[in-house]
Amino acid sequence: MVSFKYQGKVYRSLKECCQDLHISYSKVRRLTRHYVRAHDDPILAVRWVTGEEYISYNEQKTEAYYKDMELAAERQMKFRDSCREKLRNIFEG
C-alpha cells in the first residue's frame, strides 16, 4: 500500500493508521474488502469506523462481500448440523 495522509499526518500503512487511532484494523480491512468506495479509498473506511462519516444503506458491495456471505452461511449450516447431532446423541444415548 502507498503512504497516505489522514488528519494532517502521513501514514505508511493502513495498519499503522489504525494503531495510531486505536481502531480495529480487522474492521477497517473488512470494510475495504466489502465496499467498492472503501476499496478504492481506504481512508473512507477509517472515517466510517471513527464515526466521521456514515455508511449508506445502499453502498455498492464488492464480489468479495457476496463470497464472504456465502461462506458464512455454509459455516452457519455446519454449526447447526453439529449442534443437532450433539443433541441427538444426548437424547438418544
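Leaving aside neighbours within four places in sequence, glutamate 16 is in contact with Val10 and Tyr11, where contact means heavy atoms within 4.5 Å. This is a predicted model, so to speak of local features a pLDDT of at least 70 is needed, side-chain atom pairs count only at pLDDT 80 or more, and totals for chains, interfaces and linings use all residues. Residues are numbered from 1 along each chain as its sequence is written, and side-chain values use heavy atoms, with hydrogens and water left out.

Back to glutamate 16, which sits in helix 1. Helices here are DSSP runs of H or I with at least four residues, strands are runs of E with at least two, and both are numbered from the N terminus. A polar atom of the glutamate 16 side chain lies 3.2 Å from the backbone nitrogen of arginine 12. Is glutamate 16 buried or exposed, or what lies in between? It's partly exposed, with a relative accessible area of 25%. For these words, buried is under 20% relative accessible area, exposed is over 50%, and partly exposed is in between (1.4 Å probe, protein chains only).

Now for how the helices pack. Two packed helices are described by the angle between their axes and the distance between the axes. The axes are lines fitted to C-alpha atoms, for helices over the stretch in contact, and angles run from 0 to 180 degrees between N-to-C directions.

| Helix pair | Angle | Axis distance |
|---|---|---|
| Helix 1 and helix 4 | roughly 20° | within 11 Å |
| Helix 1 and helix 2 | about 135° | 9 Å |

Angles under 35 degrees count as roughly parallel, over 145 as roughly antiparallel, 65 to 115 as roughly perpendicular, and the rest as oblique. Take helix 1 (residues 14-21) and helix 4 (residues 42-50), whose axes cross at roughly 20°; that makes helix 1 roughly parallel to helix 4. On the helix 1 side, Leu14, Cys17 and Leu21 meet Pro42, Val46 and Thr50 of helix 4. Sorted by class, this contact of helix 1 with helix 4 has five nonpolar residues, one polar and no charged ones. (Ala, Val, Leu, Ile, Met, Phe, Trp, Tyr, Cys and Pro count as nonpolar, Asp, Glu, Lys and Arg as charged, and the others, Gly among them, as polar.)

Helix 1 and helix 2, at about 135°, are oblique to each other. Their contact is made by Leu14, Lys15 and Cys18 of helix 1 and Tyr25, Val28, Arg29 and Thr32 of helix 2. Those residues divide into four nonpolar, one polar and two charged.

What's tucked away in these helices? In helix 2, the buried residues are Val28, Leu31, Thr32 and His34, and their cover includes helix 1, helix 3, helix 4 and helix 5. In helix 4, the buried residues are Pro42, Ile43, Leu44, Ala45, Val46 and Trp48. Their cover includes strand 1 (4-6), helix 1, helix 2 (25-34) and helix 3 (36-40). Just after helix 4, glycine 51 takes a positive phi of about 90°.

Threonine 62, in the loop between helix 4 and helix 5 (63-92), counts as buried at 15% relative accessibility.

Note on methods. A polar contact is a pair of N or O atoms within 3.5 Å; within protein, one must be able to donate a hydrogen and the other to accept it, and residues adjacent in sequence count only if both atoms are side-chain atoms.
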